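The sequence and the structure are shown first.

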Amino acid sequence: MKPPTTHSPFPLSLGLLYELLDVDPELPPRYLLRRARQEGAVVSTLVLSLAEREGLALGEGARAELARMTRRSDLYRELEAALRAVPGARTVKGPSLARHYPAGLLRAIGDLDVVVPDEATLWRVLAEVLDRREAGEALLTELHEGGRRDLLVSVWWLGEDPMLDLDRGVEVTTFAYGGLPERAVPLRPELPAGQVYADVLAVAEERFQREFSLKDVLDLVFVLTSPAAPDPAALARAAADYALAPELAELCAKAAGHPALASAVPAELTDALREPARLERARRAAAGPAAEEPRHYGFQLTEPLRRGAGDAAEDHEFGGVLLRRTPVADFLLVSGELVDPADHEAALAALSALAPWQERPAPAVAPAPAPSPLAPTHAAAGAVPAGSGS
């Protein structure tokens, strides 16, 4: 028996994207694509995907780009399936949002976002990733809030065509939503139990980093119109519980502000969000900014990333310089964006005196190598030539 579909039946078309992107409908589709690129890969890939579905003639470059984005999404779905085997690991946005897009349309994925319950699980997740893909760059951030210590670690490798594509990566956090302390929104450690609720709240959380875009609007619309749509009252309660009612209300208003999308946002949801959003804004105003707590960043000292044994990090202090050795790389921990060259030299000297990190046994299948930035990969004979997020 086939699993029930989660695809939204919403009738997205090129004509509707002309309207949503405020492009003159008399202009050729290339003008629509140029405007869509300003909104990011999700919207530009939708234009290409719709053009193909609607029978427009695509040139070699457009077909190659669409093929690359398809393979990129396939890769993330494969990684997501592998990470489901790690107890406690959950993904948000990305592939799970893509499942709600109308059948036959491709939602691009920038990176894979994974939430884990603790640091040991974080390193196990990254071990699974590095058993499958070679990566050269890692980013590490350590946060402290309310007595908690949390980590954000991401690993990155080049896109299939390094000259044209964004890097690919997996970001793992020991918390669900980071919040915004300066606006009195705390870190929230755990995701809602329901995946669709976790995904929608993750989209709302993006508002703390940037303005909402058409990508966010479309993500919301296709979730709310899919067979897996959350109950409006329950979604509003979840937004209130996670201090996100104002952001979700803003996103709903942005979607409903487009006449063609207004029917996709249930009035029950906007009504249910009104009072929680008011109360949350009042709470933030009364609480004021939270006290700034220490945050450390990892300056990567070793590359490429290693397939190290173990599921814990080690800290070593040498004359005020703090090294953090992890299963994926070694880092100099710093408290700001700038790194003192003297500290960097001292860290490298200290690192050279330490024993190499033990490697894990080789995986059954060697991890796929990342393409060289100077020699982009090419498709196999007979295939279409080659060309995120959360």
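## Aromatic pairs

In this predicted model, counting rings whose centres lie within 6.5 Å gives three aromatic pairs. One of them joins Tyr177 and Tyr242, whose ring centres are 5.6 Å apart and whose planes stand at 90°. The pair is edge-to-face, because planes over 60 degrees apart fall in that class.

Elsewhere, Phe10, Tyr101 and Phe222 are linked into a cluster by ring pairs.

## Helices α2 and α3

Helix α2 covers residues 29-37 and helix α3 covers residues 41-53; their axes come within 7 Å and cross at roughly 160°. Since angles over 145 degrees count as roughly antiparallel, α2 is roughly antiparallel to α3. The crossing of the two helices is left-handed. On the α2 side the contact is made by Leu32, Leu33, Ala36 and Arg37, and on the α3 side by Val43, Ser44, Val47 and Leu48.

A charge-over-ring arrangement is found at Tyr31: Arg34 lies over the face of this ring, 4.9 Å from its centre.

Glu80 is buried, with 5% relative accessibility. Ser73 is also buried, at 1%.

Which residues does Glu80 touch, apart from those up to four places away in sequence? They are Thr91, Pro95, Ser96, Arg99 and Leu112. For Ser73, with neighbours within four places in sequence again set aside, the contacts are Leu106, Arg107, Ala108 and Ile109.

## Helices α7 and α8

The axes of α7 and helix α8 (residues 214-224) are 10 Å apart, and the helices pack at an angle of about 160°. This angle is over 145 degrees, so α7 and α8 are roughly antiparallel to each other. The crossing of α7 past α8 is left-handed. Val196, Val200 and Val203 of α7 make the contact with Asp216, Asp219, Leu220 and Val223 of α8.

## Helices α10 and α11

Helix α11 takes in residues 267-287; its axis and that of α10 come within 7 Å and cross at roughly 135°. The two helices are therefore oblique to each other, and their crossing is left-handed. From α10 the contact involves Ala245, Pro246, Glu247, Leu248, Ala249 and Cys252. These meet Leu269, Thr270, Leu273, Pro276, Ala277, Glu280, Arg281 and Arg284 in α11.

With residues up to four places away in sequence left out, Arg283 touches Ala184, Val185, Pro186 and Ala243. The C-alpha atoms of Arg283 and Leu273 are 15 Å apart, the two residues being ten positions from each other along the chain.

## Backbone exceptions

Most residues other than glycine have a negative phi, and most peptide bonds are trans. Ala184, one of the residues touched by Arg283, has a positive phi of about 65° and is not a glycine. Ala184 sits in the loop between β5 and α7 and is buried at 10% relative accessible area.

Lys93 also has a positive phi, of about 60°, without being a glycine. Its place is the loop between β1 (90-92) and α5 (94-98). Lys93 is buried, with a relative accessible area of 7%. Where is the cis peptide bond with omega of about -5°? This bond joins Glu303 and Pro304, and Pro304 lies in the loop between β6 (295-300) and β7 (314-318).

Methods:
Residues are numbered from 1 along each chain as its sequence is written. This is a predicted model: local features need pLDDT of at least 70, side-chain atom pairs count only at pLDDT 80 or more; totals for chains, interfaces and linings use all residues. Side-chain values use heavy atoms; hydrogens and water are left out. Rings of Phe, Tyr and Trp (its six-membered ring) pair if their centres lie within 6.5 Å; planes under 30 degrees apart count as stacked, over 60 as edge-to-face and the rest as tilted. A charge sits over a ring if NZ of Lys or CZ of Arg is within 6 Å of the ring centre and within 35 degrees of the ring normal. Axes are lines fitted to C-alpha atoms, for helices over the stretch in contact, and angles run from 0 to 180 degrees between N-to-C directions. Helices (H or I, at least four residues) and strands (E, at least two) are DSSP runs, numbered from the N terminus. Angles under 35 degrees count as roughly parallel, over 145 as roughly antiparallel, 65 to 115 as roughly perpendicular and the rest as oblique. A crossing is left-handed if the near helix is turned anticlockwise from the far one by less than a right angle, and right-handed if clockwise. Contact means heavy atoms within 4.5 Å. Buried means under 20% relative accessible area, exposed over 50%, partly exposed in between (1.4 Å probe, protein chains only).
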